[in-house]
Amino acid sequence: MSESAVAEITMQPDQPRRFLMPETQTAMLFLLPSFLGFMVFMALPILASLALSFTNWQLLSTPSFVGFQNYIKLFTVDPAFYTILGNTLFFAVEYLALNIVVSLTLAVWISSLKRGKAIFRVIFFLPTFTPTIAASVVWLLIFTPDGLADSIIHSLGLGLPNFLLSSTWAMQAVVLVTLWANVGYNVVMFNAALDLVPKHYLEAAMIDGAGPWRRFWRIRLPLISPTIFFATVMTAITSLQVFDEIFAMTRGGPGSATATLGFAIYQKGFTNFQMGYASALAWVMFVMIMALTILQFHMQRKWVHYDD
């Protein structure tokens with residue numbers, strides 16, 4: 001290139017630069033309604049609940065700042081808090097374990113079928129369409145004294161007490177109903193993951209003499225471990241937030257045998273009108289969920305296998 005051409009190019013004024021490409025501007029325009037909805041209905045209420053947790057707002061009164069008094073009361077004064085916390089963790093651990101084991105077992109069974117896979121997927125997924133409150137009310141009628149559950153127990157001569165009236169068995173009834181209502185999600189997800197396992201891996205293992213059990217543990221399970229991890233995280237989060245089944249079936253009873261953090265937040269906030277205290281409970285739940293999720297992401301390095 002000649003010197004005159006270079007000089008002509010260098011003397012041209014700088015072209016104005018666009019801050020955003022037209023495609024980006026269009027995308028942001030379409031995203032704006034969702035972003036505004038998130039800010040108004042999610043982000044701002046979350047920040048407001050954090051601010052309220054430092055007040056003694058009684059819903060109908062003017063909030064007054066009390067500092068960390070609500071949190072101090074939770075951990076040092078309120079005798080029911082540790083019972084509620086224990087109930088929440090007990091439910092979360094039992095429900096999480098049962099959900100993953102049962103859903104994975106059902107998914108493996110469906111995957112082994114030659115015909116009818118789609119039908120069984122639909123059957124196990126159907127309860128998820130039922131509103132939780134409606135399903136819980138139906139189960140409440142089943143578990144009531146002299147209901148269907150009591151009739152079956154007496155006919156089998158098991159001698160078990162009524163589930164909802166027993167402080168020992170009430171939580172088991174809640175776990176059973178929650179499992180019935182939600183296990184279908186993970187069944188469908190696990191079944192889809194199992195169907196995506198490359199067939200040539202399994203065929204090679206069969207040629208090497210590996211049986212069904214060894215093929216499952218050594219090939220299928222490691223290959224679907226990312227799906228299992230995702231299901232474990234999401235199920236753990238929802239289990240710590242359990243509310244609908246307890247509200248409809250037990251109202252935290254008998255006594256406080258089934259009272260969880262979710263139900264305690266409702267009870268303190270909308271029954272006792274202690275909105276500041278309820279907000280503190282909500283943030284304790286939030287910290288628990290975040291801590292558990294971070295722990296799961298840290299532990300997944302040891303057992304989750306991603307294809308590179």
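Student: How many salt bridges does the count come to?
Tutor: The count comes to two. A salt bridge here puts a side-chain nitrogen of Lys or Arg within 4 Å of a carboxyl oxygen of Asp or Glu. Keep in mind that this is a predicted model: local features need pLDDT of at least 70, side-chain atom pairs count only at pLDDT 80 or more, and totals for chains, interfaces and linings use all residues. Side-chain values use heavy atoms, with hydrogens and water left out, and residues are numbered from 1 along each chain as its sequence is written.

Student: OK. What does K117 form a salt bridge with?
Tutor: K117 pairs with D195. Their closest N and O atoms are 3.9 Å apart. The pair links distant parts of the chain, 78 residues apart: K117 is in helix α5 (residues 117–125) and D195 is in helix α8 (residues 170–195). Helices are DSSP runs of H or I with at least four residues, strands are E runs of at least two, and numbering starts at the N terminus.

Student: And which side chain meets R121?
Tutor: D195 again, in a salt bridge with 2.9 Å from N to O. Here the partners are 74 residues apart, with R121 in helix α5. K117, R121 and D195 are therefore linked in a network of salt bridges, by the 4 Å rule.

Student: Is D195 buried or exposed, or in between?
Tutor: D195 is partly exposed, because its relative accessible area is 27%. Buried means under 20%, exposed over 50%, and partly exposed in between, with a 1.4 Å probe and protein chains only. K117 has 23%, so K117 counts as partly exposed. R121 is partly exposed too, at 24%.

Student: Switching to the backbone. Where is the cis peptide bond?
Tutor: The cis bond joins G253 and P254, with omega about -5°. P254 sits in the loop between α12 (244–249) and α13 (261–271).

Student: What about the phi of L59?
Tutor: Near 75°, a positive value in a residue other than glycine. L59 lies in the loop between α2 (22–52) and α3 (69–77). L59 is partly exposed, because its relative accessibility is 30%. S61 is in the loop between α2 and α3 as well. At 34%, S61 counts as partly exposed.

Student: How far apart are the C-alpha atoms of S61 and F273?
Tutor: 9.9 Å, although the residues are 212 apart along the chain.

Student: Now packing. At what angle do α4 and α11 pack?
Tutor: About 145°, with the axes 9 Å apart, for α4 (residues 81–112) and α11 (residues 225–240). Axes are lines fitted to C-alpha atoms, for helices over the stretch in contact, and angles run from 0 to 180 degrees between N-to-C directions. Residues making the contact include F91 and Y95 of α4, and I228 and T232 of α11. Contact means heavy atoms within 4.5 Å.

Student: Left-handed or right-handed for α4 and α11?
Tutor: Right-handed. By contrast, α2 passes α14 in a left-handed crossing. Those axes come within 8 Å and cross at roughly 115°.

Student: Which residues in α2 meet α14?
Tutor: I46, S49, L50 and L52. They meet G276, S279 and W283 in α14.

Student: Which residues make the nonpolar surface patch?
Tutor: F38, V40, F41, M42, L44, I46 and L47, with an area of about 730 Å². Patch residues have over 30% relative accessible area and no salt bridge; nonpolar side chains (Val, Leu, Ile, Met, Phe, Trp, Tyr) are joined within 5 Å, like charges within 9 Å. Areas come from the Shrake-Rupley method with a 1.4 Å probe, and for residues only the protein chains shown count as cover. L47 is in helix α2. L47 counts as exposed because it has 56% relative accessibility.

Student: Last one. Is M285 buried or exposed?
Tutor: Buried, because its relative accessibility is 11%. M285 is in helix α14 (residues 275–299). Leaving aside neighbours within four places in sequence, M285 is in contact with L240, Q241, L261, G262 and I265. R215 is 40 Å from M285, C-alpha to C-alpha, and 70 residues apart from M285 in sequence.

Terms used:
A crossing is left-handed if the near helix is turned anticlockwise from the far one by less than a right angle, and right-handed if clockwise.
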